[in-house]
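Have a look around, then read on.

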Amino acid sequence: MSTINGSYSDNTPSTTPAGLPAKQNVAPVKAVDTQSVLKRLQSELMSLMMSGDPGISAFPEEDNIFNWKGTIHGSNETVFEGTEYKLALSFPADYPFKPPKVKFETGCFHPNVDVFGNICLDILQDKWSSAYDVRTILLSIQSLLGEPNTSSPLNTQAAALWSNQEEYRKMVEKHYKPSTA
């Protein structure tokens, strides 16, 4: 036992005069700064609208800036030419430090898209950087349509068929259901 201010101290927590435990010095939990996320998403929306990139667009869903609906058009001179795909983008509270969840809402026959619309794209997983934005994501997905990574497929049937573009196009047409909205 040691002495502190003339009294003995053991290893029990000290108490306040009222018999309550003394306040511990605990590091505060870092609260997510929603305002900065909101500003970032609003800024990205403006940049995307001003960019004028052909074949991509996205807007927040109703009053929720954390959920967006996106659209990408299949690039010219690919088997996806003439198609338009709807995407759902869901931004986490710690965006841009974590990537958004992005899924195809329109059926898409593609080596890197599964039947549920999940996308296998490195920048949406382990290669994510806070420098990326919605525009980068949409352009990357648009590019992925015509240049899939067949060595890491989510859809093995699509990956196996990719080398035969004529047959592949038939499958794209079979699975493609343009949205009516």
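## Starting inside a helix

Let's begin with Gln142, which sits in helix H2. This is a predicted model, so everything here is read from computed coordinates. Is Gln142 buried or exposed? Its relative accessibility is 11%, so Gln142 counts as buried; the cut-off for that label is under 20%.

What does Gln142 touch, once its neighbours within four places in sequence are set aside? The contacts are Pro54, Gly55, Ile56, Ile72, His73 and Ser75.

Four of them make an open sheet, in the order S3-S4-S5-S6, with antiparallel pairing. Strand S3 (56-61) and strand S6 (101-104) are at the edges, and each has a single partner strand, so one side of each has no neighbour in the sheet. On average, neighbouring strands here are turned by 25 degrees against each other, ignoring direction.

How many bridges join S3 to S4? There are six, and S4 takes in residues 64-73.

## A residue on the edge strand

Over in strand S6 we find Lys103. With a relative accessibility of 36%, Lys103 counts as partly exposed, because that label covers values between 20% and 50%.

Lys103 and Leu89 are 14 residues apart in sequence, while their C-alpha atoms are 6.8 Å apart in space. Neighbours within four places aside, the contacts of Lys103 include Lys86, Leu87 and Ala88. Phe116, Gly117, Asn118 and Ile119 are also in contact with Lys103.

Helix H1 runs over residues 34-51, which makes 18 residues. At 1.5 Å a residue it should span 26 Å, and its end C-alpha atoms are 25 Å apart, so the two values agree.

Which residues of H1 are buried? They are Val37, Leu41, Glu44, Leu45 and Leu48. These residues cover an arc of only 105 degrees around the axis, so they lie on the same side of H1. What do the buried residues of H1 pack against? Their partners are S3, S4 and H2. On the face turned away from the buried side, H1 carries the exposed residues Lys39 and Met50. Just after H1 comes Gly52, with a positive phi of about 70 degrees.

## Cysteines

A disulfide is a covalent bond between the sulfur atoms of two cysteines. How many disulfides are there in this model? The count comes to zero, using a limit of 2.5 Å between the sulfur atoms.

Cys108 counts as buried, at 10% relative accessibility. Cys120 has a relative accessible area of 23%, which makes Cys120 partly exposed.

## The whole protein

Stepping back, the protein has four helices and six strands. From the N terminus on, its elements run β-β-α-β-β-β-β-α-α-α.

Of the 181 residues, 32% are buried. Taking contacts between residues at least 6 apart in sequence, 52% join residues at least 24 apart.

Methods:
Residues numbered from 1 in each chain as written. Predicted model: local features only at pLDDT ≥ 70, side-chain atom pairs only at ≥ 80, totals over all residues. Heavy atoms only, no water. Pairing = 2+ DSSP bridges. Helix = DSSP H or I, 4+ residues; strand = E, 2+ residues; numbered from the N terminus. Axes fitted to C-alpha atoms, helices over the stretch in contact; angles between N-to-C directions. Buried < 20%, exposed > 50% of the residue type's maximum accessible area, 1.4 Å probe, protein only. Expected span 1.5 Å × (residues − 1). Arc of directions from axis to C-beta. Contact = heavy atoms within 4.5 Å.
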